[in-house]
Amino acid sequence: MEGVVAAEQGIVSAERSRLVEGVRGYGLIVGMWLRSTMAYRASFVMTAVGNFVATGFDFVTIMLMFTHVDVLGGFTLPEVALLYGASATAFGLADLVLGSMDRLGRRVRDGTLDTLLVRPVPVLAQVAADRFALRRLGRITQGLLVLGYALLVLDIEWTPLKVAMLPMMVLSGAAVFGAVFVVGAAFQFFAQDASEVQNAFTYGGTTLLQYPPSVFAKDLVRGVTFVVPLAFVSWLPALYVLGRDYPLDLPRWVAFLPPVVAVGCWVIAGLAWRVGLRAYRSTGS
Amino acid sequence: MRLYAVVAAGGFRRYTTYRVATLAGVFTNTVFGFIMAYTYIALWDERPHLGGYDMSQALTYVWLGQALLMTCAMMGGGFEDELMERIRTGDIAVDLYRPADLQLWWMAGDLGRAAFHLLGRGIVPMVLGALAFDLALPGSPWTWLAFLVSVVLGVVVSFAVRFLVALSAFWLMDGAGAMQIAWLAGLFFSGMLLPLNLFPGALGEVARALPWSSLLQVPADVFLGTYAGWDLAGAYAFQAGWAVVLLLAGRLLQSVATRRVVVQGG
């Protein structure tokens, strides 16, 4: 009996040490890329500003729309800004940490993934940290600015729950998007040059969430609630903060589910990654 | 002339090998098309006839944008990466010794690429869009033809801009920044995010006068039948004018840059 417990603890601690190892490896590789980024400071500043402006165009587009209308799908500009800011910040965080995952297809194609397999660091950590791009802070900054604008302008009756909802929403949202990145990468083990499919769910997902759910057809909203649970990233918690009706007559408490949904997504992502990695056949080149 | 036809065919064929990538791209274009179409419906619900378009014209505009995104390389993604790499590594010296004109060579290849993307990534999203939404498709074959001419001119303008950007690598070495600025401008000022008719005041006037409006706004308006007779000729002249000016600027920069290569010794 004691033996079994000890063995179980052994497995648990092995899992944990793998996680620690992964995080450590990720940190080391990220550090390396940071040093190399900082070797060309001017280039870094330019691309970071570019990243900020590029993602800012999304919101500029929404502002241009609001020069013609007062409400879009029944939502005012500050309300849309809250949805936008929450989604853009959450996506920006996931993109900063895991945005390099879409390069996996190329590594599978040209066989350079093999070098990652023989290193004593979990492959996921290596792929995620590969070419870590600090310039992606531009997107996070832009999202936070829009979020800040929304919170300044909106007249919200704050409760402790609503205040707690903001960081919870952004962090769980980032985790959900992160899981989508990992599932997308796992898919590329099978479809090597299909990274654009991943873009549809990541970039497409964040674009979708930047508009109120009332804009979209019911089936689409159903899809991003129950199939790819993006609605939990920002729509549901943000609608709770705004005190607006939820889509699909969902009960009020679903706004508190994002952390649970995020954990669920990561379990699925972890399984998908394992299946993908196990199915990997080297090109042999 | 035959040489460039072969290069163009090669540019076309090269992309036919990326079959899965093309399918994936079609999927992504379709997803974005749906998302944008719904936001446009919300907008035109509030303000019918915004920018002179009715609802079905606005929706057609969305799907034209998705169909032409890769064709007119509004976000880049053509030859420019490769040309920049050749400039950076010095392989460009080899290209300059070839008995072909550098600019025409790359343009032929880019036209082939554009033709592939028009067929590969343009038609299917457009058909899917037409099945899901009520689109304003032209009834007359002449309008389709007029649209194709406008698209070709748009591709040439797009090429001319990207050629200039690529040549900047002679001076900048790392052209990533210049390329990013170029695709940002391409995305915003082509009308990809929102029709330029909806841009307010001076911003709208400037945006419509810039070369990038040739990439989507002008072809889309030709498709939607906004131009007839002399207006159509005017639209073509606008695109062709920018094409000539930008291609000449490319020539000039190319000759300056070439001298630089000789100075460096390749």
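Me: Is A:D95 buried or exposed?
Reply: This is a predicted model, where local features need pLDDT of at least 70 and side-chain atom pairs count only at pLDDT 80 or more, while totals for chains, interfaces and linings use all residues; side-chain values use heavy atoms, without hydrogens and water. Residues are numbered from 1 along each chain as its sequence is written, with chains lettered from A and ligands numbered from 1 in the order in which they are written. Buried means under 20% relative accessible area, exposed over 50%, and partly exposed in between (1.4 Å probe, protein chains only). The relative accessible area of A:D95 is 2%, so A:D95 is buried.

Me: Which residue does A:D95 meet in a salt bridge?
Reply: A salt bridge here is a side-chain nitrogen of Lys or Arg within 4 Å of a carboxyl oxygen of Asp or Glu. For A:D95 the N to O distance is 3.4 Å.

Me: How many residues apart are A:D95 and A:R136?
Reply: A:D95 belongs to helix α3 of chain A, whereas A:R136 is in the loop between α6 and α7 (137–153). Helices like these are DSSP runs (H or I, at least four residues) numbered from the N terminus. The pair links distant parts of the chain, with a separation of 41 residues.

Me: Over in chain B, which residue forms a salt bridge with B:E80?
Reply: B:E80 sits in helix α4 (residues 80–89), and the partner in helix α7 (residues 141–167), so the pair ties together parts 82 residues apart in sequence. Both residues are buried, and their closest N and O atoms are 3.1 Å apart. The partner is B:R162.

Me: What separates B:D110 and B:R113 along helix α6 of chain B?
Reply: The two form a salt bridge, with the closest N and O atoms 2.7 Å apart. B:D110 is buried at 2% relative accessibility, and B:R113 is buried at 1%. Because they're three residues apart in the helix, what separates them is about one helical turn.

Me: Which residues are joined into one network by salt bridges that share partners?
Reply: Counting over all chains gives 13 salt bridges. Some of them share partners, and these build one network in chain B. Its members are B:E80, B:D110, B:R113 and B:R162.

Me: What volume does the largest cavity have?
Reply: A cavity is a set of points on a 1 Å grid over the protein atoms alone where a 1.4 Å probe fits but cannot get out. Points are joined across faces, edges and corners, and the volume is the space filled by probe spheres set on them. The whole structure holds two cavities of 30 Å³ or more. The largest comes to about 110 Å³.

Me: Which elements give two or more residues to the lining of the largest cavity?
Reply: Lining residues have an atom within 4 Å of a point. Of the 14 here, the closest to the centre are B:A73, B:G76, B:R162, B:A182 and B:W183. The elements giving two or more are, in chain B, α7 and α9 (176–189).

Me: Which element gives the most to the lining of the second largest cavity?
Reply: This cavity holds about 40 Å³ of space. Its lining is B:D95, B:R98, B:A100, B:L102, B:W105 and B:W106. Three residues come from the element that gives the most, α6(B).

Technical notes:
On a 1 Å grid over the protein atoms alone, a cavity is a set of points where a 1.4 Å probe fits but cannot get out, and a pocket is an open set with protein on both sides within 12 Å along at least five of seven lines; lining residues have an atom within 4 Å of a point.
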